[in-house]
Amino acid sequence: MKASAFSYARPTSVSKAVELLVAHGERAKVLAGGQSLLPAMNLRLLAPEWIVDIGGLSELRGISVGDGRITIGALTRHADLLRSVEVAAHAPLLGKATGHIAHPAIRNRGTIGGSLAHADPASELPACMVALDATVIACGPAGERRIPATEFFTGTYETALVAVELPAASKNSAHFFDELARRHGDYAIVGLAAQAVVENDRLNELRAVFFGVSDRPQPAKASASLIKTTVTPASLSQALEALSEELDPPEDQQANGAMRRHLAKILLARCVSELLDRPELGAGGRP
């Protein structure tokens with residue numbers, strides 16, 4: 001099956017791209033890397049009347065570091081994130097998560113902006129943006145907006161995503177990323193991205209964000225009980241039970257809600273165990 005007929009535009013500036021999107025509204029779709037859009041069009045799951053190809057906007061590519069933040073252009077490809085020394089030094093969580101995205105052919109074309117705009121519930125990068133306290137920079141008819149990642153993944157925006165900004169990793173920062181999938185490269189059944197500050201064998205800060213358990217990245221509120229305290233098997237077990245009550249995951253062909261809650265508990269236990277370098281906690285808080 002092939003895509004239905006559409007009109008094609010390749011703007012030469014961000015302002016022209018925004019103008020086209022405003023003019024055509026919901027009849028238009030943005031083409032960046034095309035790794036989600038084109039398969040959906042070929043399956044006739046989407047049938048836009050207009051394709052706005054922003055692939056030629058070089059100003060939306062690249063990675064820079066300054067003023068304690070790392071800025072990544074929306075058209076920066078996944079493969080570029082993996083190769084970037086700036087990402088490795090200042091946002092290692094992002095680099096680790098990117099290695100779990102699909103397969104090399106997808107990573108060579110897919111973009112960070114496309115991944116965030118598509119915001120698949122089982123996608124790795126949206127959860128990382130929330131865990132890293134990122135700011136999404138978007139451009140619309142009223143100009144540029146800066147949107148906290150915690151607020152970005154809540155609905156549809158009639159904007160062009162321009163870049164993301166992340167705080168550069170601070171002293172004593174640590175990270176965790178893992179996902180459970182049937183095969184490497186498949187969409188995650190459940191995944192967890194976490195950014196932390198570890199001092200004196202304690203988690204002084206922890207932002208743990210699940211994906212695959214909701215329609216958007218879901219911060220683990222239960223993990224707050226583990227911050228600024230000595231984590232014991234008993235306290236971890238209590239946090240895991242609170243997490244199970246907190247989550248209300250969907251059921252699909254891969255797993256039911258009970259299985260996803262169970263897997264989420266396993267991942268949070270692994271996370272705390274790895275961040276604190278305490279293997280005995282990885283068993284799920286059981287002594």
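Me: Buried means under 20% relative accessible area, exposed over 50%, and partly exposed in between (1.4 Å probe, protein chains only). Is Ser273 buried or exposed?

Reply: Ser273 is buried, because its relative accessibility is 9%. A note on the source: this is a predicted model, in which local features need pLDDT of at least 70 and side-chain atom pairs pLDDT 80 or more, while totals for chains, interfaces and linings use all residues. Residues are numbered from 1 along each chain as its sequence is written, and side-chain values use heavy atoms, leaving out hydrogens and water.

Me: Where is Ser273 found?

Reply: Look in helix H11, residues 257-276. Helices (H or I, at least four residues) and strands (E, at least two) are DSSP runs, numbered from the N terminus.

Me: Which residues does Ser273 touch?

Reply: Contact means heavy atoms within 4.5 Å. Leave out residues up to four places away in sequence, and Ser273 touches Arg278, Pro279, Leu281 and Gly282.

Me: Now backbone angles. What should I know about phi?

Reply: Most residues other than glycine have a negative phi. Asn172 has a positive one, about 70°, and is not a glycine. Asn200 also has a positive phi, near 55°, without being glycine.

Me: Where are Asn172 and Asn200?

Reply: Both are in loops. Asn172 lies between strand S8 (160-167) and strand S9 (173-180). Asn200 lies between strand S10 (190-199) and strand S11 (202-211).

Me: Why does Asn172 count as partly exposed, and why is Asn200 exposed?

Reply: Check the percentages. Asn172 is partly exposed because its relative accessibility is 34%. Asn200 is exposed because its relative accessible area is 73%.

Me: How do strands pair in a sheet?

Reply: They pair through backbone hydrogen bonds, either parallel or antiparallel. The test: two strands pair if DSSP finds at least two bridges between them. Here, strand S2 (residues 28-31) and strand S3 (residues 50-53) pair in the parallel sense over 4 bridges. In that pairing, Lys29 stands opposite Ile51 of S3.

Me: How many bridges join S1 to S3?

Reply: S1 and S3 run parallel, joined by 3 bridges.

Me: In what order do the strands stand?

Reply: The order is S1-S3-S2, with 3 strands in an open sheet and parallel pairing. Strand S1 (7-9) and S2 are at the edges; each has a single partner strand, so one side of each lacks a neighbour in the sheet.
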